[in-house]
Amino acid sequence: MNIKVLIVDDHVLIREGLRRILSLEPSIALVGEAENGKQAIEVVTEKNVDVVLLDINMPEMNGIKACQLIKKNSPKTQVI
């Protein structure tokens with residue numbers, strides 16, 4: 001069983017680095033990337049994500065607000 005992971009960061013280089021690191025682990029399935037909290041919530045809802053790697057400082061919706069809404073709407077999703 002793969003762990004479904006979503007990377008959320010407004011910096012492309014950070015997302016790319018995390019993507020490369022996570023690709024080395026066969027039990028992890030990267031199901032998407034987002035560059036702000038609004039996009040993160042959409043992906044979590046659509047893809048039934050297990051773990052969200054979430055930045056705090058982002059445009060449109062910061063990580064704190066996004067985390068609150070993710071936990072409200074998808075309580076089984078873990079947020080780091």
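This is a predicted model: local features need pLDDT of at least 70, side-chain atom pairs count only at pLDDT 80 or more; totals for chains, interfaces and linings use all residues.
Residues are numbered from 1 along each chain as its sequence is written, and side-chain values use heavy atoms, with hydrogens and water left out.

The chain contains three helices and four strands, where helices (H or I, at least four residues) and strands (E, at least two) are DSSP runs numbered from the N terminus. Read from the N terminus, these elements follow the order β-α-β-α-β-α-β. The radius of gyration, taken over C-alpha atoms, is 12 Å, close to the 12 Å given for 80 residues by the globule rule (2.2 Å times the number of residues to the power 0.38), so the chain is as compact as a globular protein of that length. The C-alpha trace spans about 30 × 25 × 20 Å along its principal axes. Of the 80 residues, 36% are buried, a term that denotes under 20% relative accessible area, with exposed meaning over 50% and partly exposed in between (1.4 Å probe, protein chains only). Where contact means heavy atoms within 4.5 Å, 67% of the contacts between residues at least 6 apart in sequence join residues at least 24 apart.

Strands β1 (3-8) and β2 (28-34) run parallel and are joined by six bridges; two strands are taken to pair if DSSP finds at least two bridges between them.

A nonpolar core is defined as a set of buried Ala, Val, Leu, Ile, Met, Phe, Trp, Tyr and Cys residues joined through side-chain atoms within 4.5 Å. The largest such core has 15 residues, of which Leu6, Val8, Val49 and Val52 touch the most other members. At least two residues of this core come from each of β1, β2, α2 (37-47), β3 (51-54) and α3, and the largest share, four residues, is supplied by α2. A second, separate core comprises five residues, among them Val5, Ile7, Leu22 and Leu53. In a regular strand the side chains alternate between the two faces of the sheet.

Beyond its neighbours within four places in sequence, Val52 is in contact with Leu6, Val8, Val44, Ile70, Thr77, Gln78, Val79 and Ile80. Thr77 itself is placed in the loop between α3 (63-73) and β4 (78-79) and is buried, with a relative accessible area of 1%. A polar atom of the Thr77 side chain lies 2.8 Å from the backbone oxygen of Val49. With neighbours within four places again left aside, the contacts of Thr77 are Val44, Val49, Asp50, Val51, Val52, Ile70 and Lys71.

Two loop residues have positive phi values without being glycine. Asn48, in the loop between α2 and β3, has a phi near 50 degrees and is exposed, with a relative accessible area of 51%. Glu60, in the loop between β3 and α3, has a phi of about 70 degrees and likewise counts as exposed, at 62% relative accessibility.

How values were computed:
A polar contact is a pair of N or O atoms within 3.5 Å; within protein, one must be able to donate a hydrogen and the other to accept it, and residues adjacent in sequence count only if both atoms are side-chain atoms.
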